Amino acid sequence: MQIYMNGKMVPKEQATVSVFDHGLLYGDGVFEGIRSYNSHVFLLKEHIRRLYDSAKAIDLAIPMSQEEMVRAVVETCRVNDVRDGYVRLVVTRGPGDLGLDPAKCKVGPNIIIIADNITLYPKECYEEGLPTITVATIRNVPEALNPRIKSLNYLNNILAKIEASNAGVKEAIMLNAQGFVAEATGDNVFFVRDNVLSTPHPTSGSLEGITRNAVMAIARAMGVEVREPVTSRYDLYTADEVFLTGTAAELIPVVRIDRRVIGAGKPGPMTLELLKRFHAFVRDPANGEKIP
Ligand code: PMP
C-alpha cells in the first residue's frame with residue numbers, strides 16, 4: 001500500500017508523522033472520508049470543498065489548491081488500484097511544540113491520503129435494519145465547536161458511540177443542547193412520515209453530509225417532498241421509517257430507537273427505493289472523478 005504524504009507516495013510502513021504533530025497532541029486538523037465506486041471517486045469535488053471549508057473554519061491554510069487535492073486523491077486511488085473502496089484524507093496542523101499555539105507549527109500541515117476499504121456494519125444490518133438509542137452525551141454545541149467542521153477531534157462522537165456499545169447497540173442518535181435531534185455518531189438521520197422525507201437542518205448541530213445531500217437530491221428527483229425541520233425524539237419514534245446516511249455507512253435502515261419499534265419494524269418502502277436509487281447514483285460516472 002502506498003500512502004500519499006505531502007506530495008509523495010510512500011510505503012505504508014514509512015508513512016509516519018511526528019509525535020509533536022498537533023493533529024496527534026490536540027486533534028488539531030481536519031479530514032474527509034470518501035468512497036470510490038466503479039473507478040470514480042464519488043462526489044470528490046464536494047468532499048474537497050467541505051475539507052477546505054473545515055480548514056478555513058479552524059484557520060488552517062492548506063498549502064495546495066482544491067484542484068491539486070482532487071488530483072492527489074485520484075492519483076492515490078490509481079496507484080493503489082482502489083476502484084471500489086474508501087479514502088481517508090487527513091490534514092493535520094503539523095508539528096509544533098508542546099503548547100497549544102498553532103502559530104508555532106511552523107513546518108506546516110501534514111497532508112495524508114490513504115486509499116483502502118471499509119465495512120462499517122454487517123450485511124444483515126442493511127437487510128434487517130439497525131436498533132439504536134438516543135444517548136446522554138449531547139452533540140457539541142455549535143457556539144463551542146461547530147459540528148459542521150469535520151475536525152480530527154471526534155471525542156464527542158466517540159463518547160456517544162461508547163454509550164451505544166455499552167447498551168448493546170451499534171449506533172447512537174445524538175441530541176443537541178436543546179434536546180432536539182442532531183445526528184448519529186458518524187451519520188446523518190432521516191425520517192419518513194406520510195411520504196415526506198425529513199432530516200434535521202445542519203444548524204441543529206450536524207455535519208452537512210455529502211451522502212445526506214445526495215439522498216435529498218435523489219428523493220426530490222423522485223418527486224418526494226424533502227424538509228429540514230427541527231426534529232424531536234417524538235418525530236423519530238412516530239415516523240413510518242428512519243434511516244441513517246454517511247459515506248462509510250451509505251444508507252442504513254433504523255428499525256428501533258429507545259426500544260420503540262419504527263414503522264413496521266423492518267426497512268420501509270421509501271428507504272428501500274432510495275437505497276436502490278442510491279446504489280445506481282454512486283456508480284454513475286457523472287457523479288465522480290475518474291480514476292485512470
Ligand atoms: N455526521 C458525522 C458526525 C460524520 O462523521 C459523518 C461522516 N462520516 C456524517 C455525518 C455523514 O457525512 P458524509 O455523508 O459526508 O459522509
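Predicted model: local features only at pLDDT ≥ 70, side-chain atom pairs only at ≥ 80, totals over all residues.
## Exercises on pockets, a helix and a buried loop residue

By class, 17 nonpolar, 14 polar and 9 charged residues make up the lining of the largest pocket.

**Exercise 1.** Describe the largest pocket by its volume, its central residues and the elements and domains that line it.

*Solution.* Begin with the volume, which for the largest pocket comes to about 740 Å³. Next, take the lining, which numbers 40 residues, and pick out those closest to the centre of the pocket, namely F31, K150, Y154, T185 and G186. Then assign the lining to secondary structure: at least two residues come from each of the strands β3 (29–37), β5 (85–92), β9 (181–184) and β13 (241–246), and likewise from each of the helices α5 (155–166) and α6 (210–221). Finally, turn to the domains, where domain 1 (2–117) and domain 2 (123–282) each contribute at least three residues to the lining of the largest pocket.

**Exercise 2.** Work out which element gives the most to the lining of the second largest pocket, and how its residues divide by class.

*Solution.* The second largest pocket holds about 320 Å³ of space. Its lining consists of E46, R49, R50, D53, S54, A57, R148, I149, E208, I210 and N213. Two or more of these residues are supplied by α2 (44–57) and by α6, and α2 gives the most, with 6 residues.

**Exercise 3.** Compare the span of helix α3 with the expected value, then list its buried residues and describe what follows the helix.

*Solution.* Helix α3 covers residues 66–80, a run of 15 residues. From its first C-alpha to its last α3 reaches 21 Å, which is close to the 21 Å expected at 1.5 Å a residue. The buried residues of α3 are M69, V70, A72, V73, V74, T76, C77 and N80. After α3 comes D81, with a positive phi near 55 degrees.

**Exercise 4.** Locate D258, explain why D258 counts as buried, and name its contacts beyond the neighbouring sequence.

*Solution.* D258 sits in the loop that joins β14 (250–257) to β15 (260–261). Because its relative accessibility is 15% and buried means under 20%, D258 counts as buried. Once neighbours within four places in sequence are set aside, D258 is in contact with T132, I133, T134, R233 and Y237.

Note on methods:
Residues numbered from 1 in each chain as written. Heavy atoms only, no water. Helix = DSSP H or I, 4+ residues; strand = E, 2+ residues; numbered from the N terminus. Buried < 20%, exposed > 50% of the residue type's maximum accessible area, 1.4 Å probe, protein only. Contact = heavy atoms within 4.5 Å. 1 Å grid on protein atoms, 1.4 Å probe; cavity = no way out; pocket = protein on both sides within 12 Å on 5 of 7 lines; lining within 4 Å. Points joined across faces, edges and corners; volume = space filled by probe spheres on them. Nonpolar A, V, L, I, M, F, W, Y, C, P; charged D, E, K, R; others polar. Domains from an automatic or database assignment. Expected span 1.5 Å × (residues − 1).
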